[in-house]
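Dear colleague,

I am handing over the structure shown below.

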Amino acid sequence: MLSQLDSLKTEALAALDAAQDEPALEAVRVNFLGKKGSVTALSQGMKDVPVEQKKEVGAKLNEVRTAITEGIDAKKLALQAAQDAKAVEGIDITLPGRPGAGLGALHPLTQIRDLAIRTLRRMGFALAEGPEIETEWHCFDALNTPADHPARNEKDTFYLPDGRLLRTHTSSVQIRTMEAAKTLPIRIIAPGSAYRRDEIDATHLSVFNQLEGLYVSQDVSLGDLKGTLEYFFREIFGAGTAVRFRPHFFPFTEPSFEIDVKLEAKGKDARWIEIAGCGMVDPAVFAEINKARGDNLFDPETTTGFAFGLGLDRLAMIMHGITDIRHLIENDVRFLQQFAA
């Protein structure tokens with residue numbers, strides 16, 4: 001058996017030397033070290049070796065196995081080095097570099113999302129997340145959205161065959177956060193993707209980026225909501241930014257407001273731009289959460305809170321004067337280079 005092992009080692013090393021690519025190298029490994037390989041077959045024959053020879057034969061077997069394994073590793077490194085060398089053939093590494101050429105930058109959506117998150121984190125909001133494939137209860141029922149609401153129509157929402165749907169807003173994360181809460185207060189923000197069956201044009205996409213916030217405790221007031229969002233938008237657009245709240249309607253908040261900021265585009269007069277929605281959490285939402293939880297942590301008689309939501313795509317467009325939302329997803333380098341630091 002000792003002579004067999006010596007012959008096997010010689011054969012294996014010759015096969016390794018002849019292997020010219022990774023598939024050939026893998027074939028060598030399988031032929032010698034695989035479950036049905038030659039070395040494995042000899043290992044299984046150890047039971048038939050006389051007792052007085054087992055030690056010597058076992059040592060030789062380990063030597064052969066180690067030599068083949070190390071040979072495979074060395075050959076793999078050599079093949080990789082050859083591939084690397086081939087990849088840079090014809091490149092003159094003595095040419096002088098061009099400082100700054102080819103440097104990347106964060107996408108404008110990433111920039112505005114990070115700025116928004118940093119600002120709200122400083123105000124005590126924690127990050128929360130949830131699934132993008134949701135149930136109707138989390139996306140609509142728990143948010144006091146009636147069965148005949150247009151948003152629940154298949155023309156507006158992407159439904160899956162099993163009855164679930166692609167979330168139409170990140171408000172579902174607020175519901176999941178309240179479902180799992182152990183105590184109050186809750187103060188979270190939920191950035192993420194949302195999906196709607198919108199016709200794609202200069203201001204609409206079928207998938208967009210939202211950031212929603214929720215603060216629930218006792219004695220949360222409309223003043224808290226107003227102060228929070230005024231501070232937020234002045235941090236985003238500048239300390240002198242005018243912010244106004246217009247009465248509106250949302251099923252899940254009462255009272256509800258649209259938020260406008262007054263901004264001045266270059267060469268144009270300042271004008272009011274609608275930028276977000278908000279309101280005090282409707283007591284019906286708390287009642288639905290309690291029903292699902294089976295307790296009364298969110299007692300509508302004593303618990304109050306506010307919620308808000310804004311589109312990060314719209315925020316980026318306003319901040320940078322982008323006139324077509326499709327630029328944000330087309331990955332045109334000429335467009336993206338504008339946002340390099």
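In this predicted model, β7 and β8 pair in the antiparallel sense, and 9 bridges hold the pairing. Within that pairing, Ser256 has Gly279 in β8 as its bridge partner. Strand β8 covers residues 271-281 and is mostly covered, with 8 of its 11 residues buried. Strand β8 is also joined to β9 by 5 bridges, and these two strands run antiparallel. Here Gly277 stands opposite Gly309 in β9.

These strands belong to an open sheet of 7 strands, whose order is β1-β4-β5-β9-β8-β7-β6 and whose pairing is mixed. At the edges stand β1 (126-127) and β6, each with a single partner strand, so one side of each has no neighbour in the sheet. For β6 (residues 242-250), that partner can be described in some detail. Strand β6 runs antiparallel to strand β7 (residues 253-263), and 8 bridges join the two. A hairpin of 2 residues leads from β6 to β7. Ala242 is found opposite Lys262 in β7.

Further along the sheet, strand β5 (residues 207-218) and strand β9 (residues 303-311) run antiparallel and are joined by 9 bridges. One of the residues involved is Ser217, whose bridge partner in β9 is Thr304. Helix α5 (residues 108-122) packs on the sheet and touches β1, β4 (186-195), β5 and β9. The direction of α5 makes about 5° with that of β5.

Helix α7 (residues 171-180) lies across β4, β5 and β9, and runs at about 35° to β5. Ser171 lies in this helix. Is Ser171 buried or exposed? Ser171 is buried, because its relative accessible area is 2%, under the 20% limit. Apart from neighbours within four places in sequence, Ser171 is in contact with Leu143 and Glu212.

I turn next to a pair of helices. Helix α8 (residues 222-237) and helix α10 (residues 312-320) pack with their axes 11 Å apart, at an angle of about 45°. The two helices are therefore oblique to each other. From α8, Phe233, Ile236 and Phe237 meet Leu315, Ile318 and Met319 of α10. The residues of this contact divide into 6 nonpolar, no polar and no charged. An α-helix has 3.6 residues a turn, so residues three or four places apart point the same way. In α10, the buried residues include Leu312, Asp313, Leu315, Ala316, Met317 and Ile318. Just after α10, Gly321 takes a positive phi of about 70°.

The cysteines were also examined. How many disulfides does a search of the whole structure find? The search finds 0. The sulfur of Cys139 has its closest cysteine sulfur in Cys278, 20 Å away, which is too far for a bond, because a disulfide requires sulfur atoms within 2.5 Å. Cys278 is likewise in no disulfide, with the sulfur of Cys139 as its nearest at 20 Å. Cys139 counts as buried at 0% relative accessibility, and Cys278 is buried with a relative accessible area of 2%.

Two further residues complete this account. Leu2 is found in helix α1 (residues 2-18) and counts as partly exposed, at 28% relative accessibility. Leaving aside neighbours within four places in sequence, Leu2 is in contact with Glu56, Val57 and Lys60. Leu2 and Leu61 are 59 residues apart in sequence, and their C-alpha atoms are 8.4 Å apart in space.

Lys155 lies in the loop between α6 (136-139) and β3 (165-166). Lys155 is exposed, with a relative accessible area of 68%. Lys155 and Gln218 are 63 residues apart along the chain, and their C-alpha atoms are separated by 39 Å.

Yours sincerely

Technical notes. Residues numbered from 1 in each chain as written. Predicted model: local features only at pLDDT ≥ 70, side-chain atom pairs only at ≥ 80, totals over all residues. Heavy atoms only, no water. Buried < 20%, exposed > 50% of the residue type's maximum accessible area, 1.4 Å probe, protein only. Helix = DSSP H or I, 4+ residues; strand = E, 2+ residues; numbered from the N terminus. Contact = heavy atoms within 4.5 Å. Pairing = 2+ DSSP bridges. Axes fitted to C-alpha atoms, helices over the stretch in contact; angles between N-to-C directions. Parallel < 35°, antiparallel > 145°, perpendicular 65-115°, else oblique. Nonpolar A, V, L, I, M, F, W, Y, C, P; charged D, E, K, R; others polar.
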